[in-house]
Amino acid sequence: MAVAGIESRPGPRRIGEILVEMGVASDASVQNALEVQRDKGGRLGEILMAMQAVDERDVARALSSQLGLRYTETLDADRIDPKLVSGMTLGYVRQNGFLPLEAPEDEDILRVAVSDPLNVAAVDDLRVLFNREVELVVAPASAVQAAMHRVFDRRAGADQVVDDLNEEDLGTIAHDLEEQTKDILDEDDEAPIIRLVNSILNQAIKERASDIHIEPFERSIMVRFRKDGVLKEIVQAPKRFQASIASRIKIMGNLNIAEKRLPQDGRIRIKIAGRDVDLRLSTVPTSYGERIVLRILDKQSVILDLTSLGFRDENLRVIETLIERPHGIILVTGPTGSGKTTTLYAALSRINTPDKNILTIEDPVEYQIQGIGQMQVNRKIDFTFARGLRAILRQDPDVVLIGEIRDLETAENAIQAALTGHLVFATLHTNDAPGAFTRLTDMGVEPFLSASSVIAVMGQRLVRQLCKTCREPYVPLRDELEKIGYADPEAVLREHTFYRAAGCEECFGSGYRGRKGIHEMMLVGDEVRSQVMQNAPANVLKRVATEAGMKTLREDGALKVLDGLTTIDEVMRVTAEDH
C-alpha cells in the first residue's frame with residue numbers, strides 16, 4: 001500500500017533514536033521505555049509520554065521525521081470545509097485520530113491531518129470513501145481534536161439540517177433513547193429530526209444562549225434563542241415536522257408524548273463537545289400546537305465569583321461584609337432572569353467553608369455546589385418552601401438560602417430563622433430594593449418584624465456588555481446623557497469616551513458579549529429601619545436610602561457606561577420601569 005506523502009526508504013530509523021537526536025529524550029529514558037515495551041508491549045512513543053519523558057508534540061514531530069511526512073503544530077479549522085466530514089460521526093473521527101483537511105479539485109488527493117500516521121486501517125477507509133490517494137500531515141493529537149470539534153460544530157448548524165429534511169424523514173424519528181451520556185455531536189448517523197434537535201441544542205450552547213424557544217405557528221415552526229436577555233430568531237422549519245420535533249424533545253425529557261393538552265415539565269441531561277449541560281424543559285399547549293421552552297443550565301459557564309458579577313468596588317466591599325454577618329436576612333430583588341440566583345450562589349461559594357453548615361431550599365436546584373446541602377421544592381407531595389425551611393431549621397444550619405419568598409408562611413419562617421441566629425439569603429420579586437418592604441407588608445408581615453430582621457436589600461438587573469472587539473466610540477446627544485443623570489454633558493464628554501454596539505463574528509453580529517449586573521445596595525440603618533416600622537411607602541424609603549449614600553440602579557448603570565462596559569440604551573432598557 002502506498003500513501004501519498006510518505007517517502008519510500010529502506011529501514012526507517014527507530015523512533016527512540018529520533019527523539020534522542022532531537023534533544024527531547026535522553027538515552028536513559030529511551031532504554032527504560034524499551035524495557036517496559038519488552039515486558040508489557042505498546043508503542044515506544046506512548047510509553048515515553050506516560051513516563052513524562054516527552055510530550056505529544058515531540059512524538060508527532062518524531063513520527064513525521066521517521067515517515068518523511070509534513071508536520072504542523074496547529075490546524076486552522078475555519079478553513080476546512082465541513083462537507084469533508086459528511087457521512088462521518090465525531091466519535092468515528094475522534095476514535096481514529098484523523099481529520100480531512102482538503103480535497104483540491106485539480107489534484108487526485110485528499111490531505112488528512114493525523115495524530116497517528118501508522119493507523120493504516122483509517123487511511124484505507126478514507127481512500128475508499130473519497131476515491132482518492134491520501135496525503136498525510138502529522139499534527140499533535142490535541143490540535144487534531146480541537147480542530148475536529150470546531151469543524152463538527154460548524155457542520156451542526158440548524159439551518160443546514162432544516163434544508164436536509166424531507167417528507168420521508170417524518171417516519172424515521174427514533175423513539176428509543178438510551179441514557180444520554182454520549183456526546184450529541186456523535187449522533188449524526190441518526191434520523192434527520194434527531195440531527196435537527198441536536199443541532200439546535202449545539203448552536204444554542206455555542207452562542208451562549210440561556211433559553212431555546214420552539215414555537216408553532218400556522219404555517220411554520222420558529223426557533224428562537226434568548227441571548228443576553230434578548231430573543232432572536234434562528235431558523236424556521238416546515239410545519240409538517242412539528243409533531244416529530246416535539247416528540248423527540250419530550251422523549252429526551254422523559255415526558256408523556258401522547259399528552260398534548262396539558263402543560264408538562266421535565267429535565268434533560270446532555271453532553272455537547274465534552275461539556276455536561278442540563279436543560280429544564282417546559283411544554284404548553286397553544287392553538288397551533290405545543291410550545292416548547294428549554295432553559296439551558298451550563299455548569300461550565302455559571303459564574304460563582306462575586307468579583308466577576310459586575311459589582312463596583314464600593315458595593316463589593318459592602319456585600320463581602322454582609323455575608324460574614326452571623327444573622328439577619330439579606331434580600332436580593334429583581335424580575336425573573338435578572339441574575340438573583342447566580343448572585344446568591346456566588347455569595348454562598350465565598351463563605352462555603354468546612355466550619356459552616358449551609359443548606360438551601362430551591363425551585364429548582366439549578367447548580368450543584370460541592371459542600372452545600374440543597375433541597376428542591378416538590379408541590380406534588382406538598383414539599384413547599386415553608387415546609388422545607390422548617391425542616392432545614394432542624395438541621396442546625398449556620399446559613400440558609402431560600403429560593404424565593406412567595407407567601408406569608410415562608411416570610412415568617414425566614415424572619416424567625418434570622419431572629420434565632422441564622423444568616424438567611426432569599427430572593428423577592430420587586431422592581432427595586434426599597435419595594436421589598438412594601439412587598440413583605442402586602443404579604444402580611446408586620447413592619448416591626450421586617451425592620452428587625454432584614455439587614456440589607458439589593459436590587460439587581462443585567463445589562464448586556466459591549467463586545468470589546470467591535471465596540472465603536474461615538475458622541476452621545478445631550479438628552480441621552482441627561483436621561484442617565486448627567487446634568488453637565490460637556491464635562492462628562494471631556495473626561496470619558498462613550499461606546500455603542502457595532503457587531504462582528506465574535507459576538508455573532510449583536511455588538512454585545514455577555515452580561516454584567518447593575519445593583520442598588522440598600523443597607524437597613526437606623527433611619528431606614530425607623531421608616532420601615534412606620535410603614536413608610538417605597539418612595540420614602542428610596543429617598544432616605546439615597547440620602548444615606550445608596551446608588552440607584554440607573555446611577556450604577558450610568559457608571560458602567562462611563563467605564564465603557566455597556567451603552568446608554570442598555571441601561572435605559574433595563575431600568576425604564578423604575579423611573
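Leaving aside neighbours within four places in sequence, which residues is L559 in contact with? Keep that one in mind; the tour returns to L559.

**Before you start**

This is a predicted model, in which local features need pLDDT of at least 70, side-chain atom pairs count only at pLDDT 80 or more, and totals for chains, interfaces and linings use all residues. Residues are numbered from 1 along each chain as its sequence is written, and side-chain values use heavy atoms, with hydrogens and water left out.

**Whole chain**

Show everything. The chain has 22 helices and 19 strands. Both are DSSP runs numbered from the N terminus: H or I of at least four residues for helices, E of at least two for strands. Of the 579 residues, 51% count as buried. Buried means under 20% relative accessible area, exposed means over 50%, and partly exposed lies in between (1.4 Å probe, protein chains only). Now consider contacts, meaning heavy atoms within 4.5 Å. Among those with a separation of 6 or more, 65% join residues 24 or more positions apart.

**Stop 1: helix α21**

Select residues 553-562. This is α21, and 8 of its 10 residues are buried, so the helix is largely enclosed by the rest of the structure. Colour the buried ones: L553, R554, D556, G557, A558, K560, V561 and L562.

Now pick L559, also in α21. L559 is partly exposed, with a relative accessible area of 25%. Here is the reply to the opening question: R312, Y486 and K551. Draw a distance from L559 to R312. The C-alpha atoms are 9.0 Å apart, while the two residues are 247 apart in sequence.

Step on to G564, which follows α21. Its phi is positive, near 80°.

**Stop 2: a helix pair**

Select α19 (residues 526-533) and α20 (residues 538-547). They pack at an angle of about 170°, with their axes 9 Å apart. That makes α19 roughly antiparallel to α20. Axes are lines fitted to C-alpha atoms, for helices over the stretch in contact, and angles run from 0 to 180 degrees between N-to-C directions. Under 35 degrees counts as roughly parallel, over 145 as roughly antiparallel, 65 to 115 as roughly perpendicular, and the rest as oblique.

Show side chains at the contact. From α19 come E527, V528, Q531 and V532; from α20 come V540, L541, V544 and A545. By class there are 6 nonpolar, 1 polar and 1 charged. Ala, Val, Leu, Ile, Met, Phe, Trp, Tyr, Cys and Pro count as nonpolar, Asp, Glu, Lys and Arg as charged, and the others, Gly among them, as polar.

**Stop 3: the second largest pocket**

Centre on D265, G266, L281, D363 and Q376. Of the 16 residues that line the second largest pocket, these lie nearest its centre. Its volume is about 590 Å³. Strands β8 (264-272), β9 (275-286) and β10 (289-298) each give two or more residues to the lining. The lining has 4 nonpolar, 4 polar and 8 charged residues.

The search uses a 1 Å grid over the protein atoms alone: a pocket is an open set of points with protein on both sides within 12 Å along at least five of seven lines, a cavity is a set where a 1.4 Å probe fits but cannot get out, and lining residues have an atom within 4 Å of a point. Points are joined across faces, edges and corners, and a volume is the space filled by probe spheres set on them.

**Stop 4: the cavities**

There are 5 cavities of 30 Å³ or more. Select I319, I330, L331, V332 and M458, the closest to its centre among 13 lining residues. That lining divides into 12 nonpolar, 1 polar and no charged.

Next, the second largest cavity, with about 50 Å³ of space. Select I214, E215, P216, I221, Q242, I245, A246, E290 and I292, which line it. Elements β5 (211-216), α10 (242-252) and β10 each give two or more of the lining residues. The classes are 6 nonpolar, 1 polar and 2 charged.

**Stop 5: two aspartates with positive phi**

Select D382, in the loop between β13 (373-376) and α13 (385-393). Its phi is about 60°, positive although D382 is not a glycine. D382 counts as partly exposed, at 46% relative accessibility.

Finish on D396, in the loop between α13 and β14 (399-402). Phi of D396 is positive too, near 55°. D396 is exposed, with a relative accessible area of 61%.
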